[in-house]
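Thanks, everyone. I will go through helix packing first, then the aromatic pairs.

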Amino acid sequence: MSLFFLNLAIRFCLEMTVLVAVGMWGWHQADGWMRWVIAIGVPMMLSVIWGVFNVPGDPSRSGEAPVVVPGIVRLLIEAAFFIFGSWALMSLGYRAFGGAFIVIVVVHYLVSFNRILWLLKIGQ
């Protein structure tokens, strides 16, 4: 297995961790039927944003971009997504896990520096 595919697998796990963390966070924000709406709705909304706003030809994605955005905008979306996930974990009392999660995200982006440079170049 190449390092590229390993890095993509790690990225997928990070993305899924955010969706689960935000769903858990949403569950604790309300009672009754509203907790279901938040626990399912917020992760779904994040998934839509993640999947729709893309840079065409992104090597870590399908290459398709339903809504084309500059590279810097995509990086900001990704940063907000992962920071929200880390914050959700910390607000649930999983401070060490939330901190470790954000460290893993930073390491992932350091390993993906070629993609970061490509995204920043695309935005110009």
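**Helix packing and ring pairs**

Start with α2 and α3. Helix α2 (residues 33-52) packs against helix α3 (residues 71-91) at about 160°, and the axes are 11 Å apart. That makes α2 roughly antiparallel to α3; the cut-offs are under 35 degrees for roughly parallel, over 145 for roughly antiparallel, 65 to 115 for roughly perpendicular, and oblique for the rest. Axes are lines fitted to C-alpha atoms, for helices over the stretch in contact, with angles from 0 to 180 degrees between N-to-C directions. Helices are DSSP runs (H or I, at least four residues), numbered from the N terminus.

A word on the source. This is a predicted model: local features need pLDDT of at least 70, side-chain atom pairs count only at pLDDT 80 or more, and totals for chains, interfaces and linings use all residues. Residues are numbered from 1 along each chain as its sequence is written, and side-chain values use heavy atoms, with hydrogens and water left out.

Who touches whom? From α2, Val42, Leu46, Ile49 and Trp50 meet Arg74, Ile77, Glu78, Phe81, Phe82 and Phe84 of α3. Contact means heavy atoms within 4.5 Å. By class, that contact has 8 nonpolar, no polar and 2 charged residues. Nonpolar covers Ala, Val, Leu, Ile, Met, Phe, Trp, Tyr, Cys and Pro; charged covers Asp, Glu, Lys and Arg; the others, Gly among them, are polar.

Next, α1 and α4. The axes of helix α1 (residues 3-27) and helix α4 (residues 95-111) come within 11 Å and cross at roughly 145°. On the α1 side, the contact includes Asn7, Arg11 and Leu14; on the α4 side, Phe97, Phe101 and His108 are among the residues.

Now the rings. How many aromatic pairs are there in the whole structure? The search finds 9. Rings of Phe, Tyr and Trp (its six-membered ring) pair if their centres lie within 6.5 Å; planes under 30 degrees apart are stacked, over 60 edge-to-face, the rest tilted.

Take tryptophan 25 and tryptophan 87. They are edge-to-face, 5.6 Å centre to centre, with 65° between the planes. Tryptophan 25 sits in helix α1 and tryptophan 87 in helix α3, 62 residues apart. Tryptophan 25 counts as buried at 16% relative accessibility. Tryptophan 87, at 43%, counts as partly exposed. Buried is under 20% relative accessible area, exposed over 50%, partly exposed in between (1.4 Å probe, protein chains only).

Last, the cluster. Ring pairs link Trp50, Phe81, Phe82, Phe101 and Tyr109.

Terms used
Helix = DSSP H or I, 4+ residues; strand = E, 2+ residues; numbered from the N terminus.
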